[in-house]
Amino acid sequence: MSPSSMPRIITILAALALPGAAFAQTSSPTATPPMAPIPAAPPTSGTPALSASKSAEVEQHIQQLHDQLGITPAEEPQWKQYAQVMLANAGSMEQAMMTRGSKVATMNAADNMASYAQLAQVHAANMQKLASSFQTLYNTFPDPQKKIADDVFRETMGKSKHSKH
């Protein structure tokens, strides 16, 4: 893997760290009031803080997903937990990519492969946390809203398959 391929890899990993980042902009079938922005939480439990630019990007994605899923006031507590997991995941992935990026120019091939494997491990752990948090949120949805969520995530998976090739 050459240093020139790093920007592409970072872009791919960043997209993977934010499930749904490729969601099409669709309107929610039910009007919901805009969600108050969730401030990036200070680092806790060793979770690194996001850069300002990445934080703004994640906040925009969170708001878009909130609107697409038609989150109701009753669902806000579970939604906020899910959003915090997204923010923490983005912070840990950004930190992992920065760490790798600072060392990649001097890595040998074996170190490079091991470093990439570490990124994959961070991503997998993040996805486990996100899936668990989303399950709690999804369980609060009535059936029509579950169908909306199912459609949104199906659409995303279809797009992400094609965008990686």
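**Helix packing and the nonpolar core**

From the N terminus on, the elements of the protein chain follow the order α-α-α-α-α, and the secondary structure comes to five helices and zero strands, where helices (H or I, at least four residues) and strands (E, at least two) are DSSP runs numbered from the N terminus. The model is a predicted one, in which local features need pLDDT of at least 70 and side-chain atom pairs count only at pLDDT 80 or more, while totals for chains, interfaces and linings use all residues. Residues are numbered from 1 along each chain as its sequence is written, and side-chain values use heavy atoms, with hydrogens and water left out.

Of the 165 residues of the protein chain, 37% count as buried, a term that means under 20% relative accessible area, with exposed meaning over 50% and partly exposed lying in between (1.4 Å probe, protein chains only). Among the contacts in the protein chain with a separation of 6 or more, residues 24 or more positions apart account for 79%, contact being defined as heavy atoms within 4.5 Å.

Helix H2 (residues 52-69) packs with helix H3 (residues 76-103) at an angle of about 150°, and their axes are 10 Å apart. That makes H2 roughly antiparallel to H3, since angles under 35 degrees count as roughly parallel, over 145 as roughly antiparallel, 65 to 115 as roughly perpendicular and the rest as oblique. The axes are lines fitted to C-alpha atoms, for helices over the stretch in contact, and the angles run from 0 to 180 degrees between N-to-C directions. On the H2 side, the residues that meet H3 include Val-58, Ile-62, Leu-65 and Leu-69, and their partners in H3 include Trp-79, Tyr-82, Met-86 and Leu-87. By class, this contact of H2 with H3 has ten nonpolar, two polar and four charged residues; Ala, Val, Leu, Ile, Met, Phe, Trp, Tyr, Cys and Pro count as nonpolar, Asp, Glu, Lys and Arg as charged, and the others, Gly among them, as polar.

The axes of H3 and H4 come within 9 Å and cross at roughly 175°, which makes H3 roughly antiparallel to H4. The residues of the contact of H3 with H4 divide into 13 nonpolar, ten polar and two charged.

In soluble globular proteins, nonpolar side chains tend to be buried together. The largest nonpolar core here has 20 residues, of which Leu-69, Trp-79, Tyr-82, Phe-134 and Phe-141 touch the most other members; such a core is a set of buried Ala, Val, Leu, Ile, Met, Phe, Trp, Tyr and Cys residues joined through side-chain atoms within 4.5 Å. H2, H3, helix H4 (109-138) and helix H5 (143-163) each supply at least two residues of this core, and H3 gives the most, with seven residues. Leaving aside its neighbours within four places in sequence, Phe-141 is in contact with Leu-69, Ile-71, Glu-75, Phe-134, Lys-146 and Ala-149.

Thr-72 is placed in the loop between H2 and H3 and is partly exposed because its relative accessible area is 28%; the C-alpha atoms of Thr-72 and Phe-141, 69 residues apart along the chain, are separated by 9.2 Å. Gln-78, which lies in helix H3, also counts as partly exposed, at 22% relative accessibility, and Gln-78 touches Thr-136, Leu-137 and Thr-140, not counting residues up to four places away in sequence. Val-104, in the loop between H3 and H4, counts as buried at 10% relative accessibility.
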